[in-house]
Amino acid sequence: MIDVQKVLKTAVDTYGKEAQTDMMIEEMSELTKALLKHRRNATPKTLDNIKEEMADVQIMLDQMRLIYGENGGYRTEKVLRLASRLGIDGNDINIWTNTLVALPSYAVGRNGQLQEWSRDIDVTD
């Protein structure tokens, strides 16, 4: 089984932070292009291309987390703001806020992997 976090960290270490940041920009551009192409003429092929480009962007976004760190709660804040704009019940927003605040932040383990648990655990196969 492949250690995804090790691969991501090795990519950043091998190519460098600046190059991987440039690659992130390139992959986001390719996703934008795929979305626009699909909007002009939706086909199974254009939909598949969107999915492929989404995977590329996600891989690069995971590397951006390694380079720049986690988003410091901005994602949670923005999701809650969206819920409010959508008119989702205030009680639900309060429950979500309390739940999300209680969740541990993402953490990178000693081997460069994204931790799946609240503490760094060695996984053996």
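Modeller: The expected span of a helix is 1.5 Å times one less than its number of residues. In this predicted model, helix α3 covers residues 44-68 and can be set against that rule.

Biologist: How do you know that the span of α3 agrees with its 25 residues?

Modeller: At 1.5 Å a residue, α3 should span 36 Å, and its end C-alpha atoms are 36 Å apart, so the two values agree. Just after α3, Gly 69 takes a positive phi of about 90 degrees.

Biologist: Why are α1 and α2 called roughly perpendicular?

Modeller: Helix α1 (residues 4-15) and helix α2 (residues 17-40) pack at about 115 degrees, with their axes 6 Å apart. The term is used for angles of 65 to 115 degrees, and α1 and α2 are therefore roughly perpendicular to each other.

Biologist: Which residues of α1 and α2 meet?

Modeller: Ala 11, Val 12 and Tyr 15 in α1 meet Lys 17, Ala 19 and Gln 20 in α2. By class, the residues of this contact are four nonpolar, one polar and one charged.

Biologist: What makes α1 roughly perpendicular to α3?

Modeller: The axes of α1 and α3 cross at roughly 70 degrees and come within 10 Å. With 65 to 115 degrees as the range for the term, that angle makes α1 roughly perpendicular to α3.

Biologist: Which residues of α1 and α3 meet?

Modeller: From α1 come Gln 5, Leu 8, Lys 9, Ala 11 and Val 12, which meet Ile 59, Asp 62, Gln 63, Leu 66 and Ile 67 in α3. The residues of this contact divide into six nonpolar, two polar and two charged.

Biologist: Which residues of α3 are called buried, and why that word?

Modeller: A residue is called buried because its relative accessible area is under 20%. In α3 the buried residues are Thr 46, Ile 50, Glu 53, Val 57, Met 60, Gln 63, Met 64 and Ile 67. Their cover includes α1 and α2. For the protein, buried residues make up 20% of its 125 residues.

Biologist: How many helices and strands does the protein have?

Modeller: The protein has five helices and zero strands. Among contacts between residues at least 6 apart in sequence, 53% join residues at least 24 apart.

Methods:
Residues numbered from 1 in each chain as written. Predicted model: local features only at pLDDT ≥ 70, side-chain atom pairs only at ≥ 80, totals over all residues. Heavy atoms only, no water. Axes fitted to C-alpha atoms, helices over the stretch in contact; angles between N-to-C directions. Helix = DSSP H or I, 4+ residues; strand = E, 2+ residues; numbered from the N terminus. Parallel < 35°, antiparallel > 145°, perpendicular 65-115°, else oblique. Contact = heavy atoms within 4.5 Å. Nonpolar A, V, L, I, M, F, W, Y, C, P; charged D, E, K, R; others polar. Buried < 20%, exposed > 50% of the residue type's maximum accessible area, 1.4 Å probe, protein only.
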